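Dear colleague,

Please find the structure below, handed over for your review. My notes on it follow.

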Amino acid sequence: MKSRMIFLSSMAIGLGLLFGGTGVTAQAVMTNDQILQTAPKGVEIDDYFSTGNITGNAAQISATGVGKRQAVNLTNGPNQAGAIWVSDAARMNLNEDQTVSMWMYFGDGRFSSSSGDGMAFVLQNDSNGVNAIAKKADGTPASGQSMGVWGTDSRTDMTKSVDTSAIARLAIQNSWAVEFDTTSNRDILPTTSQANAITTLARGPVSNFDRDVFGPHVASNFPGQAATYRSNQVSNYYYTSMVHEGVLEANKKGVFTFLDAGWWRHVTLKWDSYKHTMTYSYNDRTPVAGEEPLSATSAETQKQTFTSSVNIDPAKDLNVGSDGLVRWGFTGSTGSASSSQKLENNIVVFDQVPGLVDADVTASLVDNSQGNKNIDDASDVVYTGDQMTLRYHLNYKSGRDSWQNIQYKLNLPGGIEYSSAKITYDDGKQATGNDSETVNIKGQSVSETLARNLSNNTDAGETNGATITLTGIATSSTATASSPENIAATTSRFEGANAITQATLNGFQIKPRDSIMTMALTGKNITPGTNNQAGAENLKTAADVTVTGEIEYRTITGAPVVGKKITVRPRYNGTSVLTSVVATDEGGNGLYKFSYTISASDLKSGSKNIIELSATDAATNLSAANSLKYAITLEGTKSISVEQQSSFNTEKITGAAMHLQADRNKWSVKVYDSIGKGDHWTLQASATPWKRSQSDSLDDHLSLNYIGADHKENSLTQSAVNIETHTTKSDDDVFEVTSLWNDSRGLFLDVNPAVAEGEYTSKISWILADVENVS
């Protein structure tokens with residue numbers, strides 16, 4: 001009896017290897033609610049989904065361990081059909097590129113080779129709208145191999161010929177579907193003998209849609225088109241199979257856990273509006289544990305991405321109009337194979353919902369010490385001491401909403417000692433109310449929330465991109481020339497309230513460097529405490545400035561490296577300059593001297609002019625371990641130029657009150673501002689009381705007033721009056737104040753009827769900041 005128990009145990013393991021693809025340890029079956037607790041984080045599903053009025057519809061929106069309304073749960077038991085569709089307002093626009101990114105759970109096939117049946121992502125313009133679902137001949141929803149989207153063969157007598165058009169009419173119309181089929185519906189195999197096939201067909205209807213594929217698979221086609229279905233004949237009997245396009249399946253035929261392995265699988269669909277192609281990628285991220293722990297995952301199914309592309313003609317295949325809009329959603333079904341011990345759940349959790357937010361993130365690592373070489377392959381070599389720049393660029397493409405509340409969770413590559421981090425936005429602006437954002441680096445990780453939302457809505461003060469930049473030095477305590485340190489690939493997540501994505505950096509190798517170059521400034525104006533790597537000077541007037549320095553080039557053992565051509569490349573105010581200089585080793589001692597001159601005409605007044613210098617060995621492409629920075633400040637000024645004598649358009653005194661306008665041909669008030677673009681100033685003016693010539697008496701019958709853009713009249717003789725406020729448009733701004741004067745704006749002289757004829761004078765004081773000019 002004991003030997004029999006051992007024999008039966010070994011047989012159970014053997015079957016597990018044959019049908020499961022991997023040896024696994026059976027565990028208690030999780031309930032649907034327990035599986036939902038294992039779901040990855042997704043975006044909250046808004047009220048744009050509808051389950052319609054479909055009889056027996058099993059689909060629902062479910063909570064997960066992350067929060068409420070996180071998952072679309074299509075089925076959770078045997079013999080079910082489920083469908084869920086977006087509302088009209090959330091339809092997909094095929095005139096634009098689109099992305100659907102999601103985690104999918106197909107159940108746990110460890111307990112059987114056939115949990116059945118699967119689910120499908122569907123585009124459709126069926127006249128039934130949110131009530132669309134594949135039907136049986138009696139009009140009830142179809143389950144099983146139909147998956148709620150494909151047509152059904154309603155024949156009961158297999159001797160009657162197959163009508164593929166009739167089958168297509170029972171499918172969802174004007175549709176395209178990509179199925180995730182967990183069950184191979186093959187009652188009759190291509191290798192089945194004719195006698196056995198006849199015996200099977202004589203019993204009645206068969207399930208044979210998957211005649212030409214073996215095992216679980218991903219495939220697509222047009223459910224409502226007759227060409228999707230094929231008639232097959234055996235003697236006097238007929239059965240239906242389906243044409244599968246863009247098939248994805250395990251490399252090893254018959255791996256039944258290709259889909260339903262008890263793991264959450266990631267799927268991405270991308271629509272190319274120009275090429276009219278839909279590309280779907282299955283398993284494009286490392287699976288997440290569900291019922292089955294990841295330690296049991298085979299290398300093939302855990303790491304390999306399966307991708308296919310198909311062509312779709314929106315107008316012909318989907319009946320899409322000029323607006324490009326098509327409804328999208330999911331259908332799913334289970335058959336009798338899905339029982340309490342072979343549970344198929346069919347659950348979807350979204351990273352990105354089409355039309356809501358389409359965004360992505362790219363990650364790049366650059367070795368600045370190797371001529372800004374991109375480090376993007378595991379075989380790429382980085383040397384200790386190299387200056388490294390790591391960037392994550394967040395890009396908002398399109399959508400109904402802005403990408404909101406983006407938390408970035410950076411998993412930084414090892415082998416780099418990070419020294420700085422900053423965030424910049426594509427519009428050049430910083431976070432609202434802040435000069436900059438804080439990026440706290442904790443070991444090899446960063447977890448912060450972006451201060452701004454991203455979108456194309458500039459009117460709302462938003463921009464479509466942001467870049468997180470980190471810099472550091474490559475370092476290794478274990479690398480040797482013969483045994484480099486291998487740095488692992490890293491993946492970082494970017495979790496917004498309405499879109500989630502990630503970016504992966506490949507690994508690389510670190511080796512010790514056999515030589516090193518260091519740069520230093522020479523001469524005057526070196527900033528203390530910078531190891532001669534920074535300097536600054538102020539100029540009262542523009543003049544040519546020459547920066548001098550030297551480069552020390554030595555091997556790791558300290559021996560000088562001589563006879564090299566070292567190119568020094570400048571950057572001026574953040575922009576690379578085409579002109580470069582060559583450093584020379586005049587003494588043959590590994591000290592290469594250089595000088596670089598910036599012309600006076602290139603200096604911008606009122607701001608710092610920053611020159612950055614880097615050096616590269618032209619033969620080996622080795623860059624210096626550091627760069628130099630030199631700041632030149634050309635002090636800006638503000639001044640006023642006015643006509644020394646001006647007048648009004650005078651008339652002969654009539655004895656009535658008069659309102660005289662300034663003669664603009666004889667008035668000029670210019671403000672010169674070289675502080676820099678964006679500088680602000682306010683010009684004020686005040687005037688002395690009027691004095692009649694050849695008399696010391698003051699005349700109060702004349703009033704000098706200014707009328708501004710607000711149409712208010714203010715007397716210059718009573719107090720200083722604001723004449724104009726201006727923001728400079730250039731670094732050397734010249735503004736003619738009188739250019740704004742007209743019949744209702746400017747200086748005016750009000751004359752009292754009692755004034756006597758004569759010549760009157762008044763002095764106007766023009767005040768600009770701390771500059772005062774009198775006319």
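Where is the place of asparagine 531? Asparagine 531 sits in the loop between strand E31 (515-522) and strand E32 (534-539); helices (H or I, at least four residues) and strands (E, at least two) are DSSP runs, numbered from the N terminus.

Before going further, please note that this is a predicted model, in which local features need pLDDT of at least 70 and side-chain atom pairs count only at pLDDT 80 or more, while totals for chains, interfaces and linings use all residues. Residues are numbered from 1 along each chain as its sequence is written, and side-chain values use heavy atoms, with hydrogens and water left out.

Backbone angles

Asparagine 531 is not a glycine, yet it has a positive phi of about 55 degrees. Its relative accessible area is 65%, so asparagine 531 is exposed (buried means under 20% relative accessible area, exposed over 50%, and partly exposed in between, with a 1.4 Å probe and protein chains only). Serine 235, also a residue other than glycine, has a positive phi near 55 degrees. Serine 235 belongs to the loop between strand E10 (229-234) and strand E11 (237-242), and with a relative accessible area of 34% it is partly exposed. As background, most residues other than glycine have a negative phi.

Salt bridges

The whole structure holds 16 salt bridges, each defined as a side-chain nitrogen of Lys or Arg within 4 Å of a carboxyl oxygen of Asp or Glu. One of them pairs aspartate 153 with arginine 155 at 2.8 Å, N to O. Aspartate 153 is partly exposed at 26% relative accessibility, whereas arginine 155 is buried at 11%. Another joins aspartate 212 to arginine 211 at 2.9 Å, N to O. Here aspartate 212 is partly exposed at 41% relative accessibility, and arginine 211 is partly exposed at 21%.

A further salt bridge links the side chains of aspartate 679 and lysine 638 at 3.5 Å, N to O. Because aspartate 679 lies in the loop between strand E42 (669-673) and strand E43 (680-687) and lysine 638 lies in strand E40 (residues 638-642), this pair ties together parts that are 41 residues apart in sequence. Aspartate 679 is buried at 16% relative accessibility, and lysine 638 is partly exposed at 22%.

A buried threonine

Threonine 152 is located in the loop between strand E7 (118-124) and helix H3 (164-169). Its relative accessible area is 16%, so threonine 152 is buried. The side chain of threonine 152 reaches the backbone oxygen of lysine 135 at 2.9 Å.

A charged surface patch

Glu44, Asp46, Asp47 and Asp401 form a negative surface patch. Patches are made of residues with over 30% relative accessible area and no salt bridge, with like charges joined within 9 Å and nonpolar side chains (Val, Leu, Ile, Met, Phe, Trp, Tyr) within 5 Å. Lys and Arg count as positive and Asp and Glu as negative, while His and the chain ends are not counted.

Yours sincerely

Terms used. Areas by Shrake-Rupley, 256 points an atom, 1.4 Å probe, with all protein chains shown as cover. Charge placed at Lys NZ, Arg CZ, Asp CG, Glu CD. Polar contact = N/O pair within 3.5 Å; in protein donor to acceptor, adjacent residues only side chain to side chain.
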